[in-house]
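Have a look at the structure first, then read on.

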Amino acid sequence: MFALALMMLGVQSANALTLTCLRGSGFGEGEGCQKLFDGDQETKWGTWDGWYDNPVYAVVKAAMPIIPQGAYSLRIANDTNTEPGRNWKSWRILGGNFASDDDAVYGAEDWVTLDQKVDQELTTEQFAEVQLEMSNPDGNAYSYFMIIVDAIVDDGFGAYTQMADFWFRSFTIDTSKAQQYLDFDYETGTDADLKAAYAEKKTILENALKTNNSDQIIPAVDDIVSIYNKIVNLRNGVYIALDWTDSWGDGVGSNFVDKNDYSKWGGNFPDEGEHVQYIIFRT
């Protein structure tokens, strides 16, 4: 058994810690909420939900529980220099711990406000990084976070909310969470390929924890979580998607069989020629 431990990390670059968007606002092809956390300045999270008086939010899960130390960054989206009204003006960052991903929803009672910005003036230079400090970090570890955009610069007719990237710049991770992956029974109720993959990733994680090096621990946890989720999904009767036709950026085929009401599979039929949409999946 590895001892329970907290590891202090220094300043993090974009996408250093995997943040997975579970649900939230989004629009059109390739501008769903996950684009805010993909570390790619060419993509962005965008939505017209605010114009329709719907909440503009993104609920994300961290690969490991973290204690934000206060510093985080935003990257300005690609056409903000020509569409400055789309920039955020007022927003909140909340943290929470929930029994399951399904419980981490907008409107849940257990969210804690870690940061609130009101009438903030951001640069409109596209791809510019803006470094900010949380107004109310409380020193607690959280597995889930929610960003709520309360207002944008121009909330008039056709108002569109956008931002390229968000990431925590400094935080503490609770490496004791990794113990659940080391103790996990990965040999029951699964197949040989997944068992072999999990055994390999488990060894990598064990070695990474011994180094006490965050650059090794974070990717090792990210890798084993993907195999862990596949095994858990199989045991819960969720199918694993193997292949599917081209789809919208946030409408991948695997969403069709994930038992998540908030995700979907979607794609376009071309205007000309014969075409089918298909998905291949297995139990």
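Let's start with a pair of neighbours: W88 has I152 in β9 as its bridge partner. This is a predicted model, where local features need pLDDT of at least 70 and side-chain atom pairs count only at pLDDT 80 or more, while totals for chains, interfaces and linings use all residues. Residues are numbered from 1 along each chain as its sequence is written, and side-chain values use heavy atoms, with hydrogens and water left out.

**Around β9**

Strands here are DSSP runs (E, at least two residues), and helices are too (H or I, at least four), numbered from the N terminus. Two strands count as paired if DSSP finds at least two bridges between them. Strand β6 (residues 88–96) runs antiparallel to β9, with 8 bridges joining them. Strand β4 (residues 56–68) also pairs with β9 in the antiparallel sense, over 7 bridges, and there V60 has F145 as its bridge partner.

How many of the 11 residues of β9 are buried? It's 9, so strand β9 (residues 142–152) is largely enclosed by the rest of the structure. Buried means under 20% relative accessible area, exposed means over 50%, and partly exposed is in between (1.4 Å probe, protein chains only).

**Salt bridges**

A salt bridge is a side-chain nitrogen of Lys or Arg within 4 Å of a carboxyl oxygen of Asp or Glu. The whole structure has 6 of them, including these:

| Pair | Closest N to O |
|---|---|
| K44 and D79 | 3.2 Å |
| D150 and R92 | 2.7 Å |

D150 sits in strand β9 and R92 in strand β6, so this pair ties together parts 58 residues apart in sequence. D150 is partly exposed at 40% relative accessible area, and R92 is partly exposed at 22%. As for K44, that residue is buried, at 6%, whereas D79 is partly exposed at 22%. K44 and D79 also join R86 in a network of salt bridges.

Elsewhere, 3 strands make an open antiparallel sheet in the order β8-β5-β11. Its edge strands, β8 (129–133) and β11 (165–168), each pair on one side only. Strand β5 (residues 71–75) pairs with β11 over 4 bridges, and R75 stands opposite D165 in β11.

Finally, helix α3 (residues 214–235) has 22 residues. Its buried residues include I217, I224 and L234. Just after α3, G237 takes a positive phi of about 80°.

Notes. Expected span 1.5 Å × (residues − 1).
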